[in-house]
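Here's a quick walk through a model, written for someone who likes the cut-offs spelled out. Have the viewer open and follow along.

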Amino acid sequence: MQFGRYYEEFEVGAVYRHWPGKTVTEYDDHLFCLLTMNHHPLHMDAHYAETSTHFKRNVVVGNYIYSLLLGMSVADVSGKAIANLEVESLRHVAPTFHGDTIYGETTVLDKRESNSKPDRGVVSVETKGYKQDGTLVCVFRRRVMVPKKEYAAAAVPAGADPERPSFPDTQG
């Protein structure tokens, strides 16, 4: 199973559809709000949302949706990353509610070799998140530094698997 990509494996214009999607629960939303100390009643207080907003229900905090989409993209985009360099833009386009399922896809916008190190390159991507009905909810662009395949292969001894640690034999 592939986890991330080397620089050479990215093609400008390629689209990666991330699977599986994630149904957002009230618990997910409240836990994220509590972990990040975002206590806005739009996200935490059902009565407030019902009586004081035009949505008439809680709205999932946007940074959770961004984080969810970022996480979904790791296996396809940044699993081999040396560094996440920049989030260039982030737009929350439509609200997400408890019970909505989020799906993501990432498009490769650009790639270039590193100016300072020959063993890596920088890839620019745009990730979009959609609800189950196709509504676009979130769009962000970022730049990721990834290794080149030839250098990564040379850095790992033959037969070694850098993805999995080896453990001493416990059979005795």
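## A charge over a ring

Over the ring of which residue does the charged end of Lys80 sit? That ring belongs to Tyr6, and the charged end of Lys80 is 5.1 Å from its centre. Arg5 does something of the kind too: its charged end sits over the ring of Tyr16, 3.8 Å from the centre. To count here, NZ of Lys or CZ of Arg has to be within 6 Å of the ring centre and within 35 degrees of the ring normal.

## Ground rules

This is a predicted model, so local features need pLDDT of at least 70 and side-chain atom pairs count only at pLDDT 80 or more, while totals for chains, interfaces and linings use all residues. Residues are numbered from 1 along each chain as its sequence is written, and side-chain values use heavy atoms, with hydrogens and water left out.

## The overall layout

The protein chain has 5 helices and 5 strands, where helices (H or I, at least four residues) and strands (E, at least two) are DSSP runs numbered from the N terminus. Going along the sequence, the pattern reads β-α-α-α-α-β-β-β-β-α.

The chain has 172 residues, and 37% of them count as buried; buried means under 20% relative accessible area, exposed over 50%, and partly exposed in between, with a 1.4 Å probe and protein chains only. The accessible surface comes to about 10,200 Å², with 53% of it belonging to carbon and sulfur atoms. Those areas come from the Shrake-Rupley method with a 1.4 Å probe, and for residues only the protein chains shown count as cover. As for contacts (heavy atoms within 4.5 Å), take those with a separation of 6 or more: residues 24 or more positions apart account for 71% of them.

## Strand 4 and its two partners

Why call strand 4 largely enclosed by the rest of the structure? Because 10 of its 12 residues (120–131) are buried. On one hand, strand 4 pairs with strand 3 (residues 101–113) in the antiparallel sense over 11 bridges; a pair of strands needs at least two DSSP bridges between them.

The hairpin of strand 4 and strand 5 has 4 residues between the strands, and Gly134 in the turn shows a positive phi of about 95 degrees.

Thr127 is found in strand 4 and counts as buried at 0% relative accessibility. Leaving aside neighbours within four places in sequence, Thr127 is in contact with Leu69, Ser73, Glu105, Thr106, Cys138, Val139 and Phe140. Take Cys138: it is 11 residues from Thr127 in sequence and 8.1 Å away in space, C-alpha to C-alpha.

Lys131 is found in strand 4 as well, and with a relative accessible area of 11% it is buried. Beyond four places in sequence, its contacts include Pro95, Phe97, Asp100, Ile102 and Val137.

## Helix 4 and its kink

Helix 4 (residues 62–78) has a kink of about 35 degrees centred on Met72. The bend at a residue is the angle between axes fitted to the seven residues ending there and the seven starting there. Met72 is one of the buried residues of helix 4, which also include Tyr66, Leu69 and Ser73. Among the elements covering these buried residues are strand 1 (15–23), helix 1 (26–35), strand 2 (83–92) and strand 4.

A search of the whole structure turns up 5 aromatic pairs. Tyr66 and Phe140 form an edge-to-face one, 4.8 Å centre to centre with 80 degrees between the planes. It links distant parts of the chain, with Tyr66 in helix 4 and Phe140 in strand 5, 74 residues apart. Rings of Phe, Tyr and Trp (its six-membered ring) pair if their centres lie within 6.5 Å; planes under 30 degrees apart count as stacked, over 60 as edge-to-face and the rest as tilted. Tyr66 is buried at 15% relative accessible area, and Phe140 is buried at 0%.

## Helix 1

The buried residues of helix 1 are Asp28, Asp29, His30, Phe32 and Cys33. Their cover includes strand 1, helix 2 (41–44) and helix 4. After helix 1 comes Met37, with a positive phi near 60 degrees.
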